Amino acid sequence: DTPEYRRRIAERLSRMPPRANERRLAWCHSPNGLGKGRTWDDSVRFLKENGFTDLIANMAWGGSASYDSKVLVRAADFVGKPDPLRECLAACRKYGIKLHVWKVCWHTWWGKLPKGTEVMYRAEGRLQSRKDGSSKESWLCPSDPRNRDLEIAAMCELADLGVDGVHYDYIRYPGYDCCFCEGCHRRFEKAIGRKIDRWPVALRGDKALTAKWVDFRAENISAVVGAVAAKLRARHPKTEISAAV
């Protein structure tokens, strides 16, 4: 943060004058604000003074939240602390900034999920598995109805709490190496109407079966997005839905 750096930023911004009715959105990865000792009031005022119209604040992850939630457990690093969502929302209302809460989906994020909850999820078979059967730590399985219901309920609760928008992140699988848990096996068999032996080896080299598998995975993601959209349009039609994809 040198004078030369500030000069170059100011010069760049001068070439991007605001347009009529333009919206400028800022991402903030910390539930505590913009850093350098700023409170949420300080942070939102700073954004307002610098021409921003919306804030996208990361406050929820797979299974946990930094704020007081009736759906998600309190993130391990926020247990016993003030509710940052309440503080952020109050500041946004004060300065006329729209607040979108950024939720990481499926990924429980390292250290966020309380240990007891993580152990419970593993015991219940709700975590993702690789092809070799090993556990994919920190990721909830999108085909598990309990996990999907949790994502849907968390998004809807945020709308009920009065935010202007909900923002998906990680609304996907981590990659093609997951998830091949036994729950996926059973639910995929049910979806295509037949048994699959030698799981997941049977997918190898079978293009038709692999295509159905890809569709099955996509539908697990679409089911969450579709359900949230339907519920929010019915209950909170002005709440915006966005995603990092």
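In which loop is the place of W106? The place of W106 is in the loop between β5 (98-104) and α4 (115-123), where helices (H or I, at least four residues) and strands (E, at least two) are DSSP runs numbered from the N terminus. Phi of W106 is near 70 degrees, which is a positive value in a residue other than glycine.

The model is predicted, with local features requiring pLDDT of at least 70 and side-chain atom pairs counted only at pLDDT 80 or more, whereas totals for chains, interfaces and linings use all residues. Residues are numbered from 1 along each chain as its sequence is written, and side-chain values use heavy atoms, with hydrogens and water left out.

Two cis peptide bonds may be described next. One joins C178 and C179, with omega about 5 degrees, and C179 is placed in the loop between β8 (165-169) and α6 (182-192). In the peptide bond from W199 to P200, which is also cis, omega is near -5 degrees, and P200 lies in the loop between α6 and α7.

Two packed helices are described by the angle between their axes and the distance between the axes. Here axes are lines fitted to C-alpha atoms, for helices over the stretch in contact, and angles run from 0 to 180 degrees between N-to-C directions. For helix α5 (residues 145-160) and helix α7 (residues 207-235), the axes come within 9 Å and cross at roughly 30 degrees. This makes α5 roughly parallel to α7, given that angles under 35 degrees count as roughly parallel, over 145 as roughly antiparallel, 65 to 115 as roughly perpendicular and the rest as oblique. The crossing in which α5 passes α7 is right-handed, a crossing being right-handed if the near helix is turned clockwise from the far one by less than a right angle, and left-handed if anticlockwise. On the α5 side the contact (heavy atoms within 4.5 Å) is made by R148, E151, I152, M155, C156, A159 and D160, and on the α7 side by N220, A223, V224, A227, V228, K231, L232 and R235. These residues divide into nine nonpolar, one polar and five charged, where Ala, Val, Leu, Ile, Met, Phe, Trp, Tyr, Cys and Pro count as nonpolar, Asp, Glu, Lys and Arg as charged, and the others, Gly among them, as polar.

Helix α7 also meets α6, and the axes of α6 and α7 come within 11 Å and cross at roughly 105 degrees; the two helices are therefore roughly perpendicular to each other. From α6, the residues C184, R187, F188, A191 and I192 meet L209, K212, W213 and F216 of α7, and by class this contact has seven nonpolar, no polar and two charged residues.

The axes of α2 and helix α3 (residues 84-95) come within 8 Å and cross at roughly 35 degrees, in a right-handed crossing. The contact is made by W40, D41, V44, R45 and K48 of α2 together with P84, E87, C88, A91, C92, K94 and Y95 of α3, and its residues comprise seven nonpolar, no polar and five charged.

Pockets were located on a 1 Å grid over the protein atoms alone, a pocket being an open set of points where a 1.4 Å probe fits, with protein on both sides within 12 Å along at least five of seven lines, and lining residues having an atom within 4 Å of a point. The largest pocket holds about 500 Å³ of space, the volume being that filled by probe spheres set on the points, which are joined across faces, edges and corners. Its lining has 14 residues, of which I9, L13, F46, N50 and F52 lie nearest the centre. The elements giving two or more residues to this lining are α1 (3-14) and α2 (40-49), and α1 provides the largest share, four residues.
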